[in-house]
Amino acid sequence: MASSMLSLASASPSASLSMHDTLKGKVRLGSGNLTAWFHKEKSNPFINTKSSGRISMAVAVNVSRFEGITMAPPDPILGVSEAFKADNDEKKLNLGVGAYRTEELQPYVLNVVKKAENLMLERGEYKEYLPIEGLAAFNKVTAELLLGADNTVIKQQRVATVQGLSGTGSLRLAAALIERYFPGAKVLISSPTWGNHKNIFNDARVPWSEYRYYDPKTVGLDFEGMIADLKAAPEGSFILLHGCAHNPTGIDPTPEQWEKIADVIQEKNHIPFFDVAYQGFASGSLDADAASVRLFAARGMELLVAQSYSKNLGLYAERIGAINVICSSVDAAARVKSQLKRLARPMYSNPPVHGARIVANVVGDPTLFDEWKAEMDMMAGRIKGVRQKLFDSLSAKDKSGKDWSFILKQIGMFSFTGLNKAQSENMTNKWHVYMTKDGRISLAGLNLAKCEYLADAIVDSYHNVS
Amino acid sequence: MWRHQLMTTSRCFSTSIRALHWWDHVCPAPKDPITSVTEAFLADTSPVKINLGVGAYRDDEGKPVILQCLRDAEAKIAGCDFLESISSAVSSKLVEESVKLVYGKDSDVIKEGRYAGVQALSGTGACRLFAEFQKRFHPESQIYLPNPTWSNHHNIWRDAQVQQNTFSYYHPDLKGLNFTALMDDVKNAPDGSFFLLHPCAHNPTGVDPTEEQWREISHQFKVKNHFPFFDMAYQGFASGDLDRDALSIRIFLEDGHLLGCAQSFAKNMGLYGHRVGCLSVLCNDMKQAVAIKSQLQKIARAMYSSPPVHGTSLVSTVLSDPDIKALWVKEVKGMANRIQTMRTNLQESLWQLGSSLNWQHITNQVGMFCFSGLTPKQVDWLAREFHIYMTHDGRMSMAGVTTGNVNYLANAINEVTKYGENA
């Protein structure tokens with residue numbers, strides 16, 4: 001083709017030029033049939049797209065720009081589900097991703113969601129673009145759900161709320177805001193934390209470091225370590241906190257500990273940044289699970305809060321959440337909201353409508369809202385039941401006297417078993433129990449029927465593998 | 001800088017007051033030039049107001065449309081529980097069908113699986129994913145955007161921190177393509193530059209290269225070893241024929257370019273609010289396709305994890321059910337036809353009013369938009385006095401024109417233009 005023409009030009013000018021002109025002439029005549037033109041090219045004796053080195057330009061042009069790109073490592077959490085699917089053993093158990101399952105280990109679409117979707121289908125609503133900040137009705141109810149409808153900050157319109165793509169999308173917007181307006185500021189994340197937090201801050205170019213959180217000796221909170229690390233951080237750092245049901249450990253601070261954490265944050269002039277992915281899922285009560293956030297807001301602090309409706313409304317795949325920034329004034333909230341919009345526009349223009357409508361319909365309708373609370377109570381209840389049964393089974397089967405009560409103290413979908421990497425691998429390789437290598441199991445994927453089997457697997461892995 | 005100032009001055013204040021001024025240095029963002037037009041329109045209470053701002057299709061009554069094929073698809077999937085485990089299969093189906101649409105179902109790249117395809121958050125999301133990918137793997141590269149282009153293209157590549165340039169495109173006097181200048185810019189750009197191209201129905205100008213011109217451009221791209229990135233937001237809307245509208249891409253394909261393409265289903269399926277699109281990057285072989293796909297998914301994972309399933313299910317259903325797809329093809333043609341008719345009507349009305357200006361471009365230009373040539377002053381005048389809203393660059397969304405308002409619109413345009421630009 002053309003490029004080979006150029007390299008041939010160096011060999012014999014007149015012949016190749018005339019060929020080139022002829023070809024150009026053919027192009028101009030615009031022979032309608034592309035394929036015919038192409039095939040004529042192929043049979044042209046001057047064009048040999050395979051052999052000689054002089055034609056290297058023709059070959060080079062077909063080489064992809066992205067030649068050197070290597071395969072990305074599989075996501076540590078989502079990769080677990082993929083491995084589980086590939087396993088044919090009938091005893092297999094998926095305790096990987098934090099997605100709720102029923103006692104029959106089936107995914108669960110909440111009844112209120114089905115009702116809301118039916119309403120929406122009947123109404124036949126339009127599919128026009130949402131504004132950049134999302135559905136107004138959704139933004140209103142999500143802030144109220146988080147803070148309480150009669151909260152001062154809401155009444156005073158000091159909350160900038162922008163609909164986001166579930167927790168991830170909302171965190172990313174916040175990270176972009178931090179990068180733009182607090183260049184150089186660090187985010188402190190708990191050790192351990194949800195695997196994707198690091199990816200989000202890395203890609204947003206926000207530096208991060210860890211604060212101590214999990215104490216393997218007690219399988220509980222390393223409170224002293226946490227406080228020390230918060231105190232040692234440079235003033236004005238952003239502290240990423242899990243509002244409730246810490247992921248992956250399931251270990252939450254007590255109310256008294258929250259007060260002390262707030263003290264240190266105020267003292268060091270840090271900014272609290274909450275990730276609320278499990279409101280309602282931890283204790284079964286939406287209000288109780290928002291207590292930590294409300295405590296900080298009540299102190300008059302400015303804070304960031306990312307929300308997700310993936311778990312508590314089972315809307316995982318609809319990608320519905322929000323980023324809230326509680327500011328000290330109405331004016332600040334308006335300005336911050338405008339800048340969040342400016343960050344969202346070049347990311348995806350405006351957020352998806354379907355999930356937002358579902359949430360707005362469920363939370364905005366008193367009957368549906370009550371039904372939702374009941375379903376949530378049921379889901380959280382099932383998990384608590386499973387925790388109890390697992391604890392009972394472990395206590396019965398483990399003759400070593402090890403104290404497994406931390407399982408009962410932990411809260412939410414996950415439990416940090418205290419198993420190390422090798423032990424976790426044993427769980428998978430020998431027992432076909434799929435979990436993440438940090439020892440985290442998703443109790444949402446466990447049912448009463450399998451508790452004994454799981455207990456056997458844990459006892460074996462803990463004692464016989466190091 | 002701001003934070004430091006705050007901290008030095010506030011050392012004498014108590015802790016609780018100090019904590020309350022984190023956002024003092026955040027200024028109000030400028031309004032988005034396109035969405036702000038809709039905002040202004042909504043705030044206007046005049047009964048004769050017309051919104052020619054955002055490129056969203058309207059029927060002849062000026063109402064948004066839910067395509068029948070979508071209603072059929074909704075009915076088909078209603079009651080199916082679309083759960084996380086199914087959504088990745090649905091997503092793959094969507095990508096499969098999307099690439100067939102743009103590259104042609106019999107194309108070699110499809111048969112050989114030589115593409116990395118991921119679902120994206122409509123056109124914006126697809127462009128952003130590509131921009132981030134470009135930054136990550138060609139950090140020193142730049143992007144050449146046509147002048148003019150959709151305003152959000154500038155935002156996208158800027159936020160991805162990729163340096164941007166423009167290349168000549170629109171000829172303001174001809175109100176057509178400045179082909180010579182375009183080719184010069186293509187030739188003068190450093191070898192191996194990244195270019196963004198609108199495969200059809202250029203936004204905002206409605207000016208597209210001819211088939212011959214596309215072949216010349218493709219040829220020159222090969223000579224210069226440039227990377228062509230296509231933003232396909234209006235497939236079906238330009239000519240009414242989905243394959244015809246993809247001709248430019250297929251020319252590049254035949255020429256052997258390993259291009260990238262962003263696709264949006266916002267307009268041609270009326271799925272605006274659902275954010276459904278696709279990004280594909282063509283590769284040498286399947287192995288590379290798998291690697292690139294994994295990297296694209298990694299970028300998406302840190303932005304929003306996964307795309308929303310509802311719209312995906314709809315598109316996937318429409319494209320894979322032969323009856324529903326046939327209906328869709330008809331409906332797209334219907335939408336394109338209505339817009340063509342409005343173009344003709346507007347042009348005729350202006351001639352009938354005795355406007356002495358050349359309005360040929362109204363029917364020469366293609367797709368949803370007409371680059372009217374109106375000045376910012378005239379645009380403001382139209383809004384103020386006539387309650388007609390469009391973006392400041394004079395871009396009119398023809399989808400907002402109806403048989404009911406076309407005469408009013410022609411009259412208004414005539415009023416603001418009859419005394420020349422300085423009136």
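## A first look at chains A and B

In helix 6 of chain A, the residues A:Val112, A:Val113, A:Ala116, A:Glu117, A:Met120 and A:Arg123 touch A:His354, A:Arg357, A:Ile358, A:Asn361 and A:Val362 of helix 16 of chain A. Sorted by class, that contact between helix 6 and helix 16 of chain A has six nonpolar, two polar and three charged residues. Keep in mind that this is a predicted model.

- Helix 6 of chain A covers residues 111-123 and helix 16 of chain A covers residues 353-364; the two pack at about 110°, their axes 9 Å apart.
- Angles of 65 to 115 degrees count as roughly perpendicular, so helix 6 and helix 16 of chain A are roughly perpendicular to each other.
- Helix 7 (residues 136-147) and helix 14 (residues 291-298) of chain A pack at an angle of about 90°, and their axes are 8 Å apart.
- That makes helix 7 and helix 14 of chain A another pair described as roughly perpendicular to each other.
- Here A:Leu145, A:Leu146 and A:Leu147 of helix 7 of chain A meet A:Val293, A:Arg294 and A:Ala297 of helix 14 of chain A.
- By class, the contact of helix 7 with helix 14 of chain A has five nonpolar residues, one charged and no polar.

**The sheet**

- Chain A has an open sheet of seven strands in the order 2-10-9-8-7-3-4, and the pairing is mixed.
- Strand 2 (159-164) and strand 4 (208-212) of chain A sit at the edges with a single partner strand each, so one side of each has no neighbour in the sheet.
- On average, neighbouring strands of this sheet are turned by 25° against each other, ignoring direction.
- Strand 3 (residues 187-191) of chain A runs parallel to strand 4 of chain A, and five bridges join them.
- Within strand 4 of chain A, A:Ser209 is the bridge partner of A:Leu188.
- Helix 10 (residues 195-203) of chain A lies across strand 3, strand 4, strand 7 (238-242) and strand 8 (271-276) of chain A, running at about 150° to strand 4 of chain A.

**Where chain A meets chain B**

- On the chain A side 94 residues are in contact with 99 residues of chain B.
- About 8,600 Å² is buried between chain A and chain B, with carbon and sulfur atoms giving 57% of that area.
- A:Arg65, A:Phe66 and A:Lys127 supply 10% of the area that chain A buries against chain B, more than any other three residues.
- Five salt bridges are found across the interface of chain A and chain B.
- The side chains of A:Glu128 and B:Arg58 meet in a salt bridge, at 2.8 Å from N to O.

Key: Residues are numbered from 1 along each chain as its sequence is written. Chains are lettered from A and ligands numbered from 1 in the order in which they are written. This is a predicted model: local features need pLDDT of at least 70, side-chain atom pairs count only at pLDDT 80 or more; totals for chains, interfaces and linings use all residues. Side-chain values use heavy atoms; hydrogens and water are left out. Axes are lines fitted to C-alpha atoms, for helices over the stretch in contact, and angles run from 0 to 180 degrees between N-to-C directions. Helices (H or I, at least four residues) and strands (E, at least two) are DSSP runs, numbered from the N terminus. Angles under 35 degrees count as roughly parallel, over 145 as roughly antiparallel, 65 to 115 as roughly perpendicular and the rest as oblique. Contact means heavy atoms within 4.5 Å. Ala, Val, Leu, Ile, Met, Phe, Trp, Tyr, Cys and Pro count as nonpolar, Asp, Glu, Lys and Arg as charged, and the others, Gly among them, as polar. Two strands pair if DSSP finds at least two bridges between them. Buried area is the accessible area (1.4 Å probe) that two parts lose on being put together, summed over both. A salt bridge is a side-chain nitrogen of Lys or Arg within 4 Å of a carboxyl oxygen of Asp or Glu.
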